[in-house]
Amino acid sequence: MRPVQSTSVTTRLADIAAQAGVSEATVSRVLNGKPGVAATTRQSVLAALDVLGYERPVRLRQRSAGLVGLITPELENPIFPALAQVIGQALTRQGYTPVLATQTPGGSTEDELTEMLVDRGVAGIIYVSGLHADTTADMQRYEQLRAQGVPFVLVDGFSPKVQAPFISPDDRAAMTLAVTHLVSLGHTRIGLALGPKRFVPVQRKIEGFVRTVQEQLGLSAQTVESELVQHSLYTLEGGQAATTALIGRGCTAIVCASDMMALGAIRAARQLGLAVPQDISVVGFDDSPLIAFTDPPLTTVRKPVPAMGQAAVRTLLEEIGGTPAPHSEFVFMPELVVRGSTASAPGDRNRP
């Protein structure tokens, strides 16, 4: 049996060395905990182990610098796992262990998850799209957390009542990008499908949408809000319901507040016997994983997830380290990604 074992070990060393771009001797030194290897080289070897799916030897496993809680809404919308992955990787690189706590309908509330994490002695907490984004929620809970000495950072949603760093995408700019794109394609009747009005990102998207439609199409703010804005749920079904209503009001293009809603918008158009993008153009928001591969591939406004996730971690670690970040909002610029779900307005195609 011995030769087989040594062959597999040699193969493993060769694989890791090739992946890390170093010699087998260097890999051997790292795996055996020998000195004389540069820190960056050591990291490359450990990363190669992880990528190839090998378990790290016990002596090389990092002692955690502490637990950091990450509280997200449901994980059905792929944008939340994408953000959780960026945040988790950034924390791990800094030696912290991320603890993912997810709210589910009928399951634990944000307050219960916070209490559970605080009881476990977390070094800090990152909240994604939590109650801080809900204008009707009591913000006192965050002040109580601050009084307990637990550092925290809030992603997606802003409240002037909470003394903490906030990380947000520029929701108003996102709507300007989407509407400007659709107007350039000749659309003059553009609808907006989004979630409940009590959420800060929703209110900001409406502001950006109304202002841009006013400026570019000359409609009054009242007309835009009453005829072209439709609230629903942040789900595929919500997007479908909102789009059905907006198409009924003569819209030839729909801007959605999430990619999930945009998939619902495409479904609504098809159920009405309309083709996307020939009859109806659809724009999403997030650019969540796999959305480039839908039918048709979705035009969407990309949320800067890597930059936002890394900023959330950097800001939290500054708080944990005793140099609090400014209690203000860090706003990240989204970008328009044009794919196959938008085209010229139906009546616009016959013009020269």
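Helices (H or I, at least four residues) and strands (E, at least two) are taken here as DSSP runs, numbered from the N terminus. The structure is a predicted model, in which local features need pLDDT of at least 70 and side-chain atom pairs count only at pLDDT 80 or more, whereas totals for chains, interfaces and linings use all residues. Residues are numbered from 1 along each chain as its sequence is written, and side-chain values use heavy atoms, with hydrogens and water left out.

An open sheet of 6 strands, with mixed pairing, runs in the order β7-β6-β8-β9-β10-β12, two strands being paired if DSSP finds at least two bridges between them. Because β7 (229-231) and β12 (335-337) stand at the edges with a single partner strand each, one side of each is left without a neighbour in the sheet. The twist averages 20° from one strand to the next, with axes given by lines fitted to C-alpha atoms, for helices over the stretch in contact, and angles running from 0 to 180 degrees between N-to-C directions. Helix α8 packs on this sheet, touching β6, β7 and β9, and its direction makes about 175° with that of β6; contact means heavy atoms within 4.5 Å. Strands β6 (residues 190-194) and β8 (residues 253-256) pair in the parallel sense over 4 bridges, and G191 stands opposite I254 in β8.

A parallel pairing over 4 bridges also joins strand β3 (residues 124-128) to β4, where I126 stands opposite V153. From strand β4 (residues 152-155), F152 and L154 point one way and V153 and V155 the other, and all are buried, that is, under 20% relative accessible area with a 1.4 Å probe and protein chains only. V155 is among the contacts of M308, a residue of helix α12 (residues 305-320).

The largest pocket holds about 980 Å³ of space. A pocket is an open set of points on a 1 Å grid over the protein atoms alone where a 1.4 Å probe fits, with protein on both sides within 12 Å along at least five of seven lines, and lining residues have an atom within 4 Å of a point. Its lining comprises 36 residues, of which P73, E74, F80, S129 and Y234 lie nearest the centre. At least two lining residues each come from α4 (79-93), α5 (110-119), α8 (200-217), α10 (236-248) and β9 (281-286).

Technical notes
Grid points are joined across faces, edges and corners, and a volume is the space filled by probe spheres set on the points. Buried means under 20% relative accessible area, exposed over 50%, partly exposed in between (1.4 Å probe, protein chains only). Lists of a residue's contacts leave out its neighbours within four places in sequence.
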